[in-house]
Amino acid sequence: MSKMSIYDVIVIGAGHAGCEASLAAAQLGRKTLLLTMNADSIGLMSCNPSIGGLAKGQLVREVDALGGRMALASDHTAIQIRTLNTRKGPAVRSTRAQVDRHAYQSYMRSAVENQPNLDIRECLAERILIENGAVKGVETSLKEAYFGKTLIIAAGTFLNGLLHIGLEHMPGGRMGERPSEGLSGSLKELGLTMGRLKTGTCARLDGRTIEFDRLTAQHGDEDAVPFSFRTKKISGRQLPCYITYTNQKTHDIILSSLDRSPLFTGIIKGTGVRYCPSIEDKIHRFPQRDRHHIFLEPEGLNTVEYYPNGISTSLPVDVQEEIIHSIEGLEHAKITRPGYGIEYDFADPTQLYPTLEAKGMPGLYLAGQINGTTGYEEAASLGLIAGINAALKVTDKEPFVLGRSEAYIGVLVDDLVTKGTNEPYRMFTSRVEYRLILREDNADLRLTELGYKIGLIGRERYDHVMGKRDRIKKEMARLRETRAEKALRRPGTRYEDITTAEEQTGLSPEERKEVEIEVKYEGFIRRQLSEIDRFKSIEKIRVPDGFDYGPVHGLSSEIREKLSRIRPLTLGQASRISGVTPAAISIMMVYLEKRRRKG
């Protein structure tokens, strides 16, 4: 075994989680090493060529506000941007971008390769090295040893990955790439509980064989709003998507082929994505539906490939061809790459602290799909949090934890580490209690100051956002003093309707929008802020490290077991554990107060 340099942070995996984690740690000045099985796959989009969407757009904006890269990469490679839910209130509006898959990957690879303090090595990580109960580093398949003070595993779908096409299956973390077979076993040896999940992807189609003139075109927004608060304007060439549908013939083909489906014959054991199921699962679960949407998404400006979003499948290739040829506009479409299902290992996320550090294993962090999530945006969010906390741990600084009342990322992490998941977790606005406060449009106002304090945001950007905040506050005060805010609250009234051109010149379009939202929804916002104050009162009551629940009289054995296993950091987190009753929280509150008084 050859001995290598000692790093502050080692990151395994160069997908969306691994890229954000390694970039954050290196940017914070920590000597960082990124290990990947294939350097040509850094930042690769394994599934559809898009970023954002409902609730996911909020995550991307928050990653950007804290200093992450996903939003910038999306803006630089966007070929279509749309704001979703524009007819609904601001709490549920989200941005979605179609991106050039190859350009996105190139952008992220360049960002990683040009980041100071960050080394890249192509190798297969096999075993986690431990010394005195803490992480020491990692050993590769070639018996190389890389030593580090902290280790982040962001292995995506590669842990014991198994690809399925019909009744055939083969090892793989992604089509054409081998899986990681030793790392999952190493995690089990450390005592982590592992499970099995399943996801999948669609066939890719040759756009030259699609009859677009028979389909409905869906264009992006004319005045597209960039994802990143740092992007001035989207200037690249934009492309439309196209809409088509499955039909009864499609459904009949699928239903007659279920005996060749690895999902329905029991070959696939892992739990699939409930909110984005395969087409065969959709047809089986919703027999009353006579058609399902298919969005034909361009893969990029310099390729003919299209991604038919909506028909993810693991059926045999000949059945996939029948399905595609039964759909309007795709009767003569040629498959360039078949769709497939993939099973992979994940770790029960309740074994993690909200910092994403493993309980009982100092220095080991997990990020991305290994935590049970699905989606690029969730992965990037977790990667950023893990990268920040690994870097902070090395310098013995206070960890960084976002609360449910602060960010969608806070909800994501809290849901995972407190409630766990037995299926691929996807973010929804319905999961967020304070979504009117945690809007996509105000992510910079909420989180940039935190990013600045951590060290990921520069002074110039920080000053810009603080100036924006001050201008919004001053304008709201002016409207209140002149009683114009009452007029602005009327339905259908816009900020521009109640102000002069001279008054508007002091604010940017984004700032005017913030003023309008804050005024129109002031009553609702005030009520949510009041709820947050009550929420924070219980969140502030910390549970001491290593707390023994045995002496706490009145707790059932089941509740004791759950609290001892998950080890919540606060009573607020304890209250969200399934099965922990309000009465149990009251008992704990009284017990902790008595303990505090005794000193």
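A residue is called buried when its relative accessible area is under 20%, exposed when it is over 50%, and partly exposed in between (1.4 Å probe, protein chains only). The model examined here is predicted, so local features need pLDDT of at least 70 and side-chain atom pairs count only at pLDDT 80 or more, while totals for chains, interfaces and linings use all residues. Residues are numbered from 1 along each chain as its sequence is written, and side-chain values use heavy atoms, with hydrogens and water left out.

Salt bridges, defined as a side-chain nitrogen of Lys or Arg within 4 Å of a carboxyl oxygen of Asp or Glu, number 52 in a search of the whole structure. One of them joins D64 to R461, with the closest N and O atoms 3.3 Å apart. Because D64 belongs to helix α2 (residues 56–66) and R461 to helix α12 (residues 459–481), this pair ties together parts that are 397 residues apart in sequence. Helices here are DSSP runs (H or I, at least four residues), as are strands (E, at least two), numbered from the N terminus. D64 is buried, at 0% relative accessibility, and R461 is buried as well, at 15%.

Helix α12 also contains R471, which pairs with E511 of helix α15 (residues 509–520), so parts 40 residues apart in sequence are tied together. E511 is buried, at 3%, whereas R471 is partly exposed, at 31%.

A further salt bridge links D441 with R439, at 3.1 Å between the closest N and O atoms. R439 is buried, with 0% relative accessibility, and D441 is buried at 12%. Finally, a network of salt bridges connects R404, D414, D415, K419, E433, E539 and R576.
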